[in-house]
Amino acid sequence: AALRPMGEVALLPQEFLHTEVGLEQMAYAIIALGEDTRVVMEATGRYHEPVAAALHEYGIYVCVLNPLFIKQSGGGSIRKVKTDKADAMKIAKYALDNWIELRDYTPMDTIRYDLKTLNRQFQLASKQKTATANNLIALQEQSFPGIRKLFDSPVRSDGTQKWVDFTHDFWHVDCVRSGSQYAFSERYRKWCKRNRYQFSMEKAAEVYALAKSAVVLVQKTSVTKTLVQEAANQLTAISRSVETYRSEMNKLASQLPEYPVVMKMYGVGESLGPQLMAEIGDVRRFERKQSLVAFAGIDPAPSESGDYCSRSNKTTKRGSPYLRKTLFNIMTVHLQRAPADEPVFQFMDKKRAEGKPYYVYMTAGANK
């Protein structure tokens, strides 16, 4: 739909197919309206991006808005009408009312687009990895309780982890305690050599002692073996995907100009750095620091009315949840390492000393 000033209808609500031909027809219909024409559309996941990019290529002024802007505008009516035609007219009316404030759409370059897509897949795989790891631990507690706590080796670049590989091959306590300690130590030595892990005689003794004293809920059967080994295989496969995403994100991020600056930040490494860059995008699109803080949704919402002025306000949380999560993880690194000479940590420690709640000083640090 298209409106002219004073509410004159220039184009009645109509449909265009979401195809190459359909987008071309839409572009020509918009161009026919005149030069001083602006297109306003709602951001709807990934579905709006082909439309916005196609119209931008035709030289049409395009503005992509958060749907919340349109919803809060109300469309000049107190009646609740929800149809595609009514929504088209509401968006057109919003465009006229906010003509000066409309910002031109800028297509995201290929590297940033791929980086953001990789990060979303990385986040999804990380959630699946956590759920799968918890499932394996639950099964492990039935067949070999306590064994997880004896291994603290980090995840390798190929996604494998020592405790998962050990659980796959020694899936029940009887796999360890069926023979003597010396026999198990030799098996464990060969297993470490075959899987490229460091062997420790003390570790072998700890594992054997735990197996001898463990009380299990399930017997050493083919069903138990299948359950534990398949869960271990699933975790290894997902972990391999996570590490692949992490590596590819770092390669893409290193091609962007802001990479050296971001990587110099304290608490930002080869994992959190690319995530931060992926969710912020091109930082040049933010005019002020406050704009970036608002985009992350960590800005306190002011609350004033007459003589009333709230001194403690909640954050808006209207921005990117992925960016907030990344910032929260970076703040967690600050708390864990506690660098005395780091300004952000000094600020957080000051707020903590003042008695501020955990989420308050964490959000304040992220804001800094």
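Predicted model: local features only at pLDDT ≥ 70, side-chain atom pairs only at ≥ 80, totals over all residues.
**Two helix contacts**

Two packed helices are described by the angle between their axes and the distance between the axes. In the contact of helix α5 (residues 110–143) with helix α12 (residues 272–280), the axes come within 8 Å and cross at roughly 120°, and α5 and α12 are therefore oblique to each other. The crossing of α5 and α12 is left-handed. On the α5 side the contact is made by L115, K116, N119, R120, F122 and Q123, which meet P274, Q275, M277, A278 and E279 of α12. Sorted by class, the residues of this contact of α5 with α12 comprise five nonpolar, three polar and three charged.

A second contact joins helix α15 (residues 343–353) and helix α16 (residues 358–367), whose axes come within 9 Å and cross at roughly 155°. Since angles over 145 degrees count as roughly antiparallel, α15 and α16 are therefore roughly antiparallel to each other. The crossing of α15 with α16 is right-handed. Here V344, F347, M348, K351 and R352 of α15 meet Y361, M362, A364 and G365 of α16, and the contact of α15 with α16 has six nonpolar residues, one polar residue and two charged residues.

A pair of aromatic rings is described by the distance of the centres and the angle of the planes. Counting rings whose centres lie within 6.5 Å, the model has 18 aromatic pairs. Two of these pairs are set out below.

| Pair | Centre to centre | Angle between planes | Arrangement |
|---|---|---|---|
| F184 and Y188 | 5.9 Å | 20° | stacked |
| Y358 and Y361 | 5.7 Å | 85° | edge-to-face |

F184 and Y188 both lie in helix α8 (residues 181–195), where they are four residues apart, about one turn of the helix. F184 has a relative accessible area of 2% and is therefore buried, and Y188, at 0% relative accessibility, also counts as buried.

Y358 and Y361 are in helix α16, and because they are three residues apart there, about one helical turn separates them. Is Y358 buried, partly exposed or exposed? With a relative accessible area of 34%, Y358 is partly exposed, whereas Y361, at 8% relative accessibility, counts as buried. Y361 is also one of the α16 residues that meet α15, so this tyrosine takes part both in the edge-to-face pair with Y358 and in the contact between α15 and α16.

**Two residues with positive phi**

Most residues other than glycine have a negative phi, and most peptide bonds are trans. M6 is not a glycine, yet its phi is positive, at about 70°. This methionine, M6, is found in the loop between β1 (2–4) and β2 (8–11) and, at 86% relative accessibility, counts as exposed. R196, likewise not a glycine, has a positive phi of about 60°. R196 has its place in the loop between α8 and α9 and counts as exposed, with 61% relative accessibility.

**The start of the chain**

A1 lies in the segment before β1 and is partly exposed, with a relative accessible area of 37%. When residues up to four places away in sequence are not counted, A1 touches L11, L12, P13, A88, M89 and A92. From A1 to F347, one of the α15 residues that meet α16, the separation is 346 residues in sequence and 51 Å in space, C-alpha to C-alpha.

Technical notes
Residues numbered from 1 in each chain as written. Heavy atoms only, no water. Axes fitted to C-alpha atoms, helices over the stretch in contact; angles between N-to-C directions. Parallel < 35°, antiparallel > 145°, perpendicular 65-115°, else oblique. Left-handed = near helix turned anticlockwise from the far one by under 90°. Contact = heavy atoms within 4.5 Å. Nonpolar A, V, L, I, M, F, W, Y, C, P; charged D, E, K, R; others polar. Phe/Tyr/Trp six-rings, centres within 6.5 Å; stacked < 30°, edge-to-face > 60°. Buried < 20%, exposed > 50% of the residue type's maximum accessible area, 1.4 Å probe, protein only.
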